[in-house]
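Hi,

Here is the model I said I would pass on.

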Amino acid sequence: MASKYPRRPPEPDPSLYLTEERLAERFGCHRDSLYELRRKGRIPFMRISNRIVYRIKDIDRIEAAFLNEVAE
């Protein structure tokens, strides 16, 4: 008999995407802060099934731009 609960979707590939938890840890912020950045359109994100993920190359680009801004 099949389970009445759907199977959990697979984890996104960690070599390509960061989960909300991993990005919050990397930025040293709370997940609510990431929500605000998404809501304001300041950080790109994707939905994979019911999960929000961030492409590592987008995050690297954002961090590089921030570091360039701070260095000036």
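This is a predicted model: local features need pLDDT of at least 70, side-chain atom pairs count only at pLDDT 80 or more; totals for chains, interfaces and linings use all residues.

Residues are numbered from 1 along each chain as its sequence is written, and side-chain values use heavy atoms, leaving out hydrogens and water.

Three strands make an open, antiparallel sheet in the order 1-3-2. (Strands are DSSP E runs of at least two residues, helices H or I runs of at least four, both numbered from the N terminus; two strands pair if DSSP finds at least two bridges between them.) Strand 1 (17-19) and strand 2 (46-48) are at the edges with a single partner strand each, so one side of each has no neighbour in the sheet. Strand 2 pairs with strand 3 (residues 51-55) over three bridges, and M46 has V53 in strand 3 as its bridge partner.

Helix 1 (residues 20-27) packs on the sheet and touches strand 1 and strand 3, with contact meaning heavy atoms within 4.5 Å.

Now helix 3 (residues 56-71), which holds F66. Is F66 buried or exposed? F66 is exposed, because its relative accessible area is 52% (exposed is over 50%, buried under 20%, partly exposed in between, using a 1.4 Å probe and protein chains only).

Cheers

Methods. Axes are lines fitted to C-alpha atoms, for helices over the stretch in contact, and angles run from 0 to 180 degrees between N-to-C directions.
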